[in-house]
Amino acid sequence: MGEFDLQPKFMIPERIQGVSYDIAGQIKMIWEVMKAPLIVPMLKLGVYICLAMSLMLFMERLYMGIVIILVKLFWKKPEQRYKYEPIQDDLELGSSNFPVVLIQIPMFNEKEVYKVSIGAACNLSWPADRLVIQVLDDSTDPAIKQMVEMECQRWGSKGINITYQIRENRTGYKAGALKEGLKRSYVKHCEYVAIFDADFRPEPDFLRRAIPFLVGNPDMALVQARWRFVNADECLLTRMQEMSLDYHFTVEQEVGSATHAFFGFNGTAGVWRIAAINEAGGWKDRTTVEDMDLAVRASLRGWKFLYLGDLQAKSELPSTLRAFRFQQHRWSCGPANLFRKMVMEIVRNKRVKFWKKVYVIYSFFFVRKIIAHMVTFFFYCVVLPLTILVPEVHVPIWGAVYIPSIITILNSVGTPRSIHLLFYWILFENVMSLHRTKATFIGLLEAGRANEWVVTEKLGDSVNNNKNKTAGDAAKKTNAKSPKRTRSKFVERLNTLELGFAAFLFICGCYDFVHGKNNYFIYLFLQTITFSIVGFGYVGTIV
């Protein structure tokens, strides 16, 4: 036996020796093995689906663009399309020719804005004996409840018929409060109900302009006013919201009103015929969009709606990212959940025309409430970046550039003053599409958060007051524990999902910069920055 036989023998593969063996190499090998038979076909299918959804959204936007042009150029004004006669003051009849109107103001811990809505409602130009104001307070803070009640008493002492109404619990949230309010004996003689959220400020002539449409047209159930925003210029976040909502009111609501006398009730700044609410089954709390639920059910019973773009009510936009995200979850999850619950009821309905069913199911629900969110997220934040890593899959330029550009231009008509922010609005909407798509799936699948209701935080004039605070006031509030609070607030602001997508898009952008041919890295890097801003929670602080 030789001396070398005494040494232990190890069978070491040559590939493991040296630097030739590494994890990255193994991952690359697995990727190459899976790419041709699995990744490429799946990604191609994703591209085809996204292109189909893009075409659906494009045709919908184009249709609404054409209709809105025709409406503005050739349609008669609402006063000419419908029977309309202003209600005049009559010395002989007194106020008896005015119908009795109920004003409902639902509230929940509205410390900053409760005086605004109550004061605006009490200042409406309508005979005091023909007006009933009902403040539906579901507040859980005893101090706020006391303040709201005292405000109601203050206006009551001036001769205003105002009632402070509370419940033992918050069953049904806003829908439950509105439903409970209509059950009260002192509102049984009311013919119409105007609803204003706590931050809404209708002009004094609001009822005088809206009610005559309902009086003169017995088949009309709803008159919806347009929202205007008192804090649109507060920060970049509010400017982005204004652009989206202005398109909704300028185009979507106007088109629905002009073509099918149907649109989704916005939940506030609208006047309902109480008989229509009762015939439709009243308020229901089965989704987080009780307003849309009621509108669809009333429409299926043949009632007509009217949107008045020149009748406006001032309101407040969420100025914090947290409040905006909660609001968008409710606005995206609720319609999807309602679509799941009502699609077959709409199909089986025999009281409305076939084309109106098509409009409600396809245009109103499927394209605007589901497809619009999904195509924005999956195409521009998932599929398109992945095609950079898989060059075998090609996205035609008309789908990647031309159609999105036209859709964006069509969306910009609502807010001409913000046209210079259009590019950043696109990037921001792509980020929010992640949140909206997630909420849409929760609604469609009726998952855990499908019925989550978080009241949108309203800051009122506190924002301006905070801006006016001096540096000395801020210095007085600092103490030894401030670094810990700052760190805690920073952690609370983090949105890990957005940060994860920022990292993914950054990797794709770097790969395209080195190996790509389409120069998508410019878009990807800008989208990465926007995802990062939202991920770190700073979008609400950019002015």
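Q: Which residues count as buried here, and what makes Phe-501 one of them?
A: Buried means under 20% relative accessible area. In this predicted model, Phe-501 has a relative accessible area of 17%, so Phe-501 is buried.

Q: What about Phe-504: buried, exposed or in between?
A: The value for Phe-504 is 24%. Buried needs under 20% and exposed needs over 50%, so Phe-504 is partly exposed.

Q: How do you know that Phe-501 and Phe-504 are separated by about one helical turn?
A: Both sit in helix H17 (residues 496-515), and they are three residues apart there, which puts about one helical turn between them.

Q: How many aromatic pairs are there?
A: The count comes to 27 aromatic pairs.

Q: What makes Phe-262 and Phe-305 a pair, and why is the pair called tilted?
A: A pair of aromatic rings is described by the distance of the centres and the angle of the planes. The ring centres of Phe-262 and Phe-305 are 5.9 Å apart, and the limit is 6.5 Å, so they pair. Their planes are at 35 degrees; stacked needs under 30 degrees and edge-to-face over 60, so the pair is tilted.

Q: Which parts does the pair of Phe-262 and Phe-305 tie together?
A: Phe-262 lies in the loop between helix H7 (236-260) and strand E7 (270-273), while Phe-305 belongs to strand E8 (residues 304-315). The pair therefore ties together parts that are 43 residues apart in sequence.

Q: Why are Phe-262 and Phe-305 called buried?
A: Phe-262 has 0% relative accessibility, and Phe-305 also has 0%. Since buried means under 20%, each counts as buried.

Q: Why is the pair of Phe-501 and Phe-504 called edge-to-face?
A: Their centres lie 6.3 Å apart, within the 6.5 Å limit. The planes stand at 90 degrees, and over 60 counts as edge-to-face, so that is the name for this pair.

Q: How do you know that Lys-357 has no salt bridge?
A: Lys-357, in helix H11 (residues 354-389), is buried. The nearest side chain of opposite charge, Glu-345, is 11 Å away. A salt bridge needs atoms within 4 Å, so Lys-357 has none.

Terms used:
Residues are numbered from 1 along each chain as its sequence is written. This is a predicted model: local features need pLDDT of at least 70, side-chain atom pairs count only at pLDDT 80 or more; totals for chains, interfaces and linings use all residues. Side-chain values use heavy atoms; hydrogens and water are left out. Helices (H or I, at least four residues) and strands (E, at least two) are DSSP runs, numbered from the N terminus. Buried means under 20% relative accessible area, exposed over 50%, partly exposed in between (1.4 Å probe, protein chains only). Lys and Arg count as positive and Asp and Glu as negative; His and the chain ends are not counted. Rings of Phe, Tyr and Trp (its six-membered ring) pair if their centres lie within 6.5 Å; planes under 30 degrees apart count as stacked, over 60 as edge-to-face and the rest as tilted.
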